[in-house]
Amino acid sequence: MTRNLGPSPFGRSETTSAAAPIAASPGRDFGARSYASPLAGLATFLVIAVIIALAVGLFRGDFTKTVPVTVVSPRAGLVMNPDAKVKMRGVEVGKVGSIEERPDGKAVLKLEMQPSQMHLIPSNVLVDIASTTVFGAKSVELYPPADPSPQPLKPGAVLQNKDVTVEVNSTFQQLTGLLSSIDPAKLNETLGAIATAVNGRGHKIGQALSDLDAFLAKQDPALPALRHDLEVLPAVSNAYADAAPNLVATADSAVRISKTLVDEQQNLDAFLISSIGLADVGNDVVGGNRQALTDVLHLLVPTTDLLNEYHKALWCGLAGSLQTVHAPNLPEPMIKVLVYVGFGAERYRYPSNLPKVAATGGPQCQDLPVVPFDAAPPFVIADVGANPQEYGNPQLLWNSEALKQLLYGPIDGPPRNSFQAGQPG
């Protein structure tokens with residue numbers, strides 16, 4: 001079969017035969033088309049594999065930059081695995097990179113910390129390896145101390161862990177060791193004895209537990225006071241320990257006093273009987289003179305008040321006398337006198353120089369009780385009726401009786417009577 005394809009662009013007609021292969025037609029290449037589909041499928045598979053690997057890497061944190069920190073622990077625990085979380089206040093700040101064991105049995109945990117969280121962790125942070133449940137996987141818990149350091153945790157720091165949460169296997173191991181050390185025969189005998197002891201006493205045991213519960217319920221309000229007593233018990237114990245020698249000496253003295261009282265009980269009885277008799281006599285004396293004693297006490301109140309006001313001056317005088325009594329002896333027997341020559345004081349005037357009790361100012365001790373050597377206390381001027389320093393007292397009178405007698409001989413003075421007593425001659 002032939003088909004006319006029309007005039008050729010080159011000016012000639014072309015015909016095709018049905019027996020010619022289709023692949024030989026211009027514009028069709030089945031060899032290149034057979035490789036495109038497998039290549040496209042392979043590329044799609046590779047892209048999916050790269051996406052999955054990238055997602056896994058991102059999930060594991062392989063592309064996240066971390067900071068190394070080392071934790072040394074007595075042991076890591078059974079359920080501590082790499083990639084375990086490192087938390088602080090419930091926020092994840094890193095993970096466990098690897099776990100190594102030292103020859104001494106300690107575990108070394110290599111932590112991979114997040115750099116963005118390092119400035120929030122103090123350098124003296126504490127470490128605890130714990131789990132939320134007994135069977136749960138463990139994690140590294142970081143918690144700040146009571147006085148956190150202002151310096152942040154540095155990369156490469158080594159932290160020490162002192163304790164790890166007790167695990168079920170540790171409990172079973174201890175229980176197994178305990179059971180292996182118990183003799184089954186003795187255990188059976190003990191359990192049999194316990195069964196015999198409690199047989200038929202269930203009601204009493206229940207009543208005892210009920211009474212214990214009621215007793216504990218009554219003691220529950222006193223628990224704060226008991227807690228306070230336990231807190232102050234060390235201080236009280238230390239105080240008693242410091243005072244123990246004195247307490248022992250007091251107890252020893254008390255024992256001696258008790259023995260003395262026992263030995264002198266007859267004299268003590270006599271003393272008590274005499275005291276009773278004296279008390280009876282005293283009651284009669286005091287009761288009979290009650291009003292007189294009351295009057296005497298009332299009369300003594302002004303005197304005692306005055307003595308109380310001037311008790312300091314009295315003490316100064318007595319203490320000064322004691323200083324004189326205990327003064328050292330003079331090297332030679334002598335009397336030392338200080339003589340002062342001056343004008344005589346004005347003679348007695350009436351009525352201005354009459355004695356008066358009107359001094360004020362309280363006690364005047366001056367240098368007492370210890371008076372310096374060659375020192376005299378100053379003269380205290382008080383309103384007592386005679387004052388040599390008062391205004392208008394010249395102390396030197398040219399027109400005096402003595403001068404008249406000296407110049408003109410004995411001259412009789414004016415007549416003296418009760419009305420002129422004290423007046424000038």
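M88 stands opposite V91 in β5, in a predicted model where local features need pLDDT of at least 70, side-chain atom pairs count only at pLDDT 80 or more, and totals for chains, interfaces and linings use all residues. Residues are numbered from 1 along each chain as its sequence is written, and side-chain values use heavy atoms, with hydrogens and water left out. Strands (E, at least two residues) and helices (H or I, at least four) are DSSP runs numbered from the N terminus.

**The sheet**

- β4 and β5 run antiparallel, and four bridges join them; two strands pair if DSSP finds at least two bridges between them.
- Zooming out, there's an open sheet of seven strands with mixed pairing, in the order β7-β8-β4-β5-β6-β3-β9.
- β7 (126-130) and β9 (158-160) are the edge strands, each pairing on one side only.
- From one strand to the next, the twist averages 30°; axes are lines fitted to C-alpha atoms (for helices, over the stretch in contact), and angles run from 0 to 180 degrees between N-to-C directions.

**Salt bridges around the sheet**

- The structure holds four salt bridges, each being a side-chain nitrogen of Lys or Arg within 4 Å of a carboxyl oxygen of Asp or Glu.
- One of them pairs the side chains of K95 and D83 at 3.8 Å, N to O.
- K95 sits in strand β5 (residues 91-101) and D83 in the loop between β3 (67-73) and β4 (85-88), so this contact ties together parts that are 12 residues apart in sequence.
- K95 is buried at 17% relative accessible area, while D83 is partly exposed at 49%; the cut-offs are under 20% for buried, over 50% for exposed, and partly exposed in between (1.4 Å probe, protein chains only).
- E112 joins in too: D83, K95 and E112 are linked in a network of salt bridges.

**A salt bridge within a helix**

- R256 and D252 meet through their side chains at 3.6 Å, N to O, in another salt bridge.
- Both residues belong to helix α6 (residues 244-263), where being four residues apart separates them by about one helical turn.
- R256 counts as exposed at 57% relative accessibility, and D252 is partly exposed with 37%.

**A salt bridge between loop residues**

- The side chains of D383 and K356 also form a salt bridge, at 3.3 Å, N to O.
- This pair links distant parts of the chain, 27 residues apart, with D383 and K356 each in the loop between α9 (311-325) and α10 (401-408).
- D383 is partly exposed, with a relative accessible area of 39%, and K356 counts as partly exposed at 42%.
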